[in-house]
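The entries below follow the order in which I looked things up.

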Number of protein chains: 2
Amino acid sequence: MMDYQANDGAISECPVDEFAVFAELGGDFSDTLKRMASESVLYTAAESIYVAGTNARHLYILRDGHVKLFKSTINGKDQIIRIVKPGEIFGFDGLVDTVYNHSAVPLKHAKACRIPVERLRLLGAQRPEVERLIMVRCIKELQHADERLLELGAKRSAERLASFLISWCEATPADRWTPLVLSRLEIAQLLGLTIETVSRFFAQWKRDEVVEERNQAIRILDQKRLKTVAESRA
Amino acid sequence: MMDYQANDGAISECPVDEFAVFAELGGDFSDTLKRMASESVLYTAAESIYVAGTNARHLYILRDGHVKLFKSTINGKDQIIRIVKPGEIFGFDGLVDTVYNHSAVPLKHAKACRIPVERLRLLGAQRPEVERLIMVRCIKELQHADERLLELGAKRSAERLASFLISWCEATPADRWTPLVLSRLEIAQLLGLTIETVSRFFAQWKRDEVVEERNQAIRILDQKRLKTVAESRA
DNA sequence: CGACGAGTTGATCAGTGTCAACTGCCGTGG
DNA sequence: CCACGGCAGTTGACACTGATCAACTCGTCG
């Protein structure tokens with residue numbers, strides 16, 4: 001957390017054993033992985049981690065910060081596919097394809113550990129658990145995508161926004177402030193809306209004392225009310 | 001194809017070696033799998049293959065027909081997540097969770113091969129390639145989901161409908177009829193629209209001789225035109 | 001023959017997008 | 001140090017897409 005400003009883009013050894021992902025592989029495994037020289041990289045906002053269509057060389061594990069994965073239409077509209085949170089894997093494409101199928105950019109900043117796919121392949125040959133772990137993570141992602149498809153396809157704007165806020169804050173204990181790392185634009189691109197509609201609902205809910213917002217952080221005041229909105233019963 | 005009417009719901013030995021999925025595992029593997037008594041099951045439209053929230057006991061491979069995977073909101077709106085085509089795997093949930101996270105129903109009819117997850121687990125222990133194969137398939141699904149999220153989040157109705165038609169027909173050679181296994185309602189639920197809007201665009205394109213429709217089948221007459229619509233340049 | 005379900009079409013309305021003006025904040029440079 | 005410019009966000013007026021409601025056709029099946 002404290003070394004962000006220091007070494008942007010710096011590459012160092014990645015303490016793999018810290019990650020929940022590989023935790024279950026046990027100590028000797030992380031030694032193996034370390035020897036394979038997986039790297040830890042820092043990114044600042046606006047610098048791409050990878051770009052759709054470019055060579056997919058690494059699998060990433062997010063250590064700190066947030067990453068947005070997005071795709072763009074030919075006309076330049078962006079859709080955010082997923083917000084990656086610490087501990088999660090992203091950049092699966094390289095395991096199957098030669099190029100990435102979406103782009104990855106940090107929200108504010110991000111620290112990620114990356115492993116070259118060819119090394120991962122070698123590793124997978126020795127330790128089949130690796131592929132099992134990735135499979136499990138991948139299935140989880142798929143379930144998450146199912147849910148997002150339901151949101152985008154079957155819910156109206158207020159419902160999407162409400163359930164976004166609920167799920168965004170669910171990690172933090174109730175009545176605590178949650179940093180809102182996303183801009184209005186990014187929320188809009190995540191939910192398939194415009195900046196203005198996002199802004200309007202936020203304003204309304206702040207007036208109605210359903211949520212509070214203060215220096216890039218939000219707090220849900222009336223969880224119950226927000227839930228009824230999310231289920232379109234208001 | 002010819003034995004549908006005969007034994008609905010019948011269960012028989014599944015000729016696993018026919019599947020592209022496990023083809024690369026070689027002959028001795030499919031023997032193993034056969035001995036594990038994976039089953040082949042026939043389904044008719046309207047009978048569920050599995051229901052969201054129920055015990056996730058099997059992994060499925062579709063042999064013939066089409067299956068729709070869908071989720072429902074609390075208010076009863078359905079969103080189709082994916083249309084499964086022959087050769088594809090579905091029902092990954094059991095490998096990670098105890099229950100299914102969406103429901104699966106055949107479109108018209110379907111013939112699927114299913115493998116109990118616990119057997120798959122045993123098998124995975126012996127033959128790590130199995131999990132690698134599932135991982136690969138799963139990543140493909142994830143890419144597909146990314147694309148669908150872009151469609152639903154960033155495109156207007158005509159664009160969604162046009163690119164749906166294009167992708168639906170892309171398997172069949174140009175100027176040949178493609179069976180349209182989906183009802184208007186199902187197309188609407190897939191694209192996050194209403195029956196009426198689907199119907200209206202179809203009608204318009206038929207008038208403009210962009211597409212033709214005849215007994216449950218469609219044919220694209222003006223691919224180029226449809227593509228410009230899909231990219232919202234018309 | 002009649003009833004029902006799927007699909008079509010029209011009229012109307014509501015929800016969001018679009019466009020534009022305005023505020024407030026922050027960093028830059030004179 | 002202040003002024004300016006620019007960017008993020010807000011708010012209002014308006015337009016338009018797509019949903020809703022309703023009537024009607026057509027084909028199928030009892």
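**How the copies meet**

I looked first at the interface in this predicted model, and found that 100% of the interface residues of chain A are also interface residues in chain B, so the copies meet through the same surface. I then superposed chain A on chain B, which took a rotation of 180° with 0.0 Å of shift along its axis and gave an RMSD of 0.0 Å. That is the relation of a two-fold axis, and in chain A the C-alpha nearest this axis belongs to Met135(A), at 2.3 Å from it.

**Two helices in chain B**

I turned next to helix 5 (residues 157–169) and helix 6 (residues 184–191) of chain B, whose axes come within 11 Å and cross at roughly 115°. On the helix 5 side I listed Arg160(B), Leu161(B) and Phe164(B), which meet Ile187(B), Leu190(B) and Leu191(B) of helix 6. By class, I recorded 5 nonpolar, no polar and 1 charged residues in this contact.

**A sheet in chain A**

I then traced an open sheet of 3 strands in chain A, with the order 7-9-8 and antiparallel pairing. Its edge strands are strand 7 (178–179) and strand 8 (211–214), each pairing on one side only. Between strand 7 and strand 9 (residues 217–220) of chain A I found 2 bridges, and the partner of Pro179(A) in strand 9 is Ala217(A). Last, I noted that helix 5 (residues 157–169) of chain A lies across strand 7, strand 8 and strand 9, running at about 100° to strand 9.

Note on methods: Residues are numbered from 1 along each chain as its sequence is written. Chains are lettered from A and ligands numbered from 1 in the order in which they are written. This is a predicted model: local features need pLDDT of at least 70, side-chain atom pairs count only at pLDDT 80 or more; totals for chains, interfaces and linings use all residues. Side-chain values use heavy atoms; hydrogens and water are left out. Axes are lines fitted to C-alpha atoms, for helices over the stretch in contact, and angles run from 0 to 180 degrees between N-to-C directions. Helices (H or I, at least four residues) and strands (E, at least two) are DSSP runs, numbered from the N terminus. Contact means heavy atoms within 4.5 Å. Ala, Val, Leu, Ile, Met, Phe, Trp, Tyr, Cys and Pro count as nonpolar, Asp, Glu, Lys and Arg as charged, and the others, Gly among them, as polar. Copies are superposed by least squares on the C-alpha atoms of residues with pLDDT of at least 70 in both. Two strands pair if DSSP finds at least two bridges between them.
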